[in-house]
Amino acid sequence: MTSRPGPTTSLRAWTRGSLLLLAFLVSFGCRATRAPARLEPIATPTEPAQHEPDVEPTPAWVGEPLSWEKLKAIETWLATQPTEGASFWRVEGELQLAQGRLEFARRDLGAKGGDTAGATKRVKSSRAGLERVAQDAYATEGQKKRAQDLVARADKLLDGKSATNANSLASVPVIGRAIWGAAPARGERMEPTKGGYKRITVHHSAEENAPELDGSIADSAAALRLMQRSHMESKSPRWGDIGYHFLIDPAGHVFQGRDLAWQGAHADGDNNIQNIGVCMIGNFDEEKPTKAALDSLRKLLDGLRRTYSIPKLAVCGHQDLKSTRCPGRFLEPWVKTYAR
Ligand SMILES: [Zn+2]
């Protein structure tokens with residue numbers, strides 16, 4: 001390959017220019033916060049003017065320890081940056097901002113008497129920010145990996161409160177999500193519960209091709225995982241978790257469904273607000289519920305009503321809210337009698 005004099009000369013000149021720029025930057029130090037003055041463009045007679053390499057000044061917040069001041073500084077800095085495009089520090093700023101917010105929300109969740117609902121909301125919004133970074137076309141592999149790890153940490157925080165909820169219902173043992181192998185909930189697809197709970201709605205699962213349950217926890221757990229998957233993948237828009245807060249199998253095992261920190265998805269739109277969803281597994285339009293399942297349902301309803309000061313009258317079957325056969329002709333009368 002023959003080299004023509006024009007481009008070679010301009011390449012040398014360009015290299016010299018870059019070295020000059022580098023020397024200029026070094027003299028300012030790595031922490032320079034103002035943009036370096038642009039050098040005169042190098043004239044290239046035979047080619048269109050070549051852009052100088054993009055040099056990003058390191059923002060002042062880089063390397064600072066975590067504090068609210070630092071998060072504010074990142075936020076202010078990000079406001080002056082283009083919202084997308086190839087910038088390592090723009091992605092890094094968004095990542096560190098979401099990470100910092102998540103960390104403060106985590107501390108608030110751990111604090112006694114803190115604003116749990118507020119902190120949960122902040123975990124949720126941090127998670128959304130991290131999700132954006134993980135999918136940002138300009139994020140490096142390392143940044144994507146850090147964002148994904150933090151998303152998992154946020155999910156753990158959102159899920160971790162299950163134990164508290166389950167334990168507060170001492171009237172009946174509740175089998176936790178970890179035991180039935182629940183997939184992590186997707187907080188960004190759900191509404192946090194506001195103002196506690198005021199009513200309870202009883203459902204039956206009445207699945208098409210309902211799995212035969214052998215009464216073991218393992219068997220019911222597998223059925224729950226299937227139901228959760230169908231709620232999270234087949235609904236449009238997709239749900240953030242299984243729709244019910246509690247589920248009861250024919251052997252009387254009570255399972256924790258969606259965490260009570262989240263509004264349920266079981267009674268259509270606004271009917272879900274402050275409404276606990278309890279699902280009896282089976283089709284009680286076709287079969288009678290077992291005594292074991294009904295005993296557990298009664299204990300669960302009693303415990304929930306005590307915990308949230310819900311009157312008996314505020315317990316109803318799904319068909320009392322809308323036109324449906326749920327919870328079935330063999331279960332609805334039981335619910336009506338309980339609520340009396
Ligand atoms: Zn129902």
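A residue is termed buried if 20 or more other C-beta atoms lie within 10 Å of its own, exposed if 12 or fewer do, and partly exposed in between, with C-beta atoms placed from the backbone. The structure is a predicted model, in which local features need pLDDT of at least 70 and side-chain atom pairs count only at pLDDT 80 or more, whereas totals for chains, interfaces and linings use all residues. Residues are numbered from 1 along each chain as its sequence is written.

Of the 340 residues of the chain, 33% count as buried. The chain holds 10 helices and 6 strands, taken as DSSP runs (helices, H or I, at least four residues; strands, E, at least two) and numbered from the N terminus. Among contacts between residues at least 6 apart in sequence, 68% join residues at least 24 apart; two residues are in contact if their C-beta atoms, placed from the backbone, lie within 7 Å.

The 6 strands form an open sheet of mixed pairing, in the order β1-β4-β3-β5-β2-β6, where two strands pair if DSSP finds at least two bridges between them. Strands β1 (174–175) and β6 are the edge strands, each pairing on one side only. Strand β2 pairs with β5 in the parallel sense over 6 bridges; Arg199 stands opposite Asn275 in β5, and His204 stands opposite Met280 in β5. The pairing of β2 with β6 is also in the parallel sense, over 3 bridges, with Thr201 opposite Cys316 in β6. Strand β2 is mostly covered, 5 of its 6 residues being buried. Helix α10 lies across β2 and β6 and runs at about 165 degrees to β6; axes are lines fitted to C-alpha atoms, for helices over the stretch in contact, and angles run from 0 to 180 degrees between N-to-C directions.

A nonpolar core is a set of buried Ala, Val, Leu, Ile, Met, Phe, Trp, Tyr and Cys residues joined through C-beta atoms within 7 Å. The largest such core comprises 34 residues, of which Ile200, Phe246, Leu247, Ile248, Val278, Met280 and Leu300 touch the most other members. At least two residues of this core come from each of β2 (199–204), α8 (217–233), β3 (246–248), β4 (254–256), β5 (275–280), α9 (291–308), β6 (315–317) and α10 (332–339). The greatest contribution is that of α9, with 5 residues. Apart from this core lies another, of 20 residues, including Leu71, Val91, Val133 and Ala139. Residues up to four places away in sequence aside, Val278 touches Ile200, Val202, His203, Tyr244, His245, Phe246, Leu297 and Leu300.

The buried residues of helix α8 are Ser220, Ala223, Leu224, Met227, Gln228 and His231. Seen down the axis of α8, these residues fall within an arc of 140 degrees and therefore line one face of the helix, the arc being that of the directions from the helix axis to the C-beta atoms. They pack against α7 (177–180), β3 and β4. On the other side of α8, Ala218, Arg229 and Glu233 are exposed.

In the loop between α7 and β2 lies Ala182, which is buried, with 22 other C-beta atoms within 10 Å. Leaving aside neighbours within four places in sequence, Ala182 is in contact with Arg177 and Gln228. Ala182 and Ile242 are 60 residues apart in sequence, and their C-alpha atoms are 8.9 Å apart in space.
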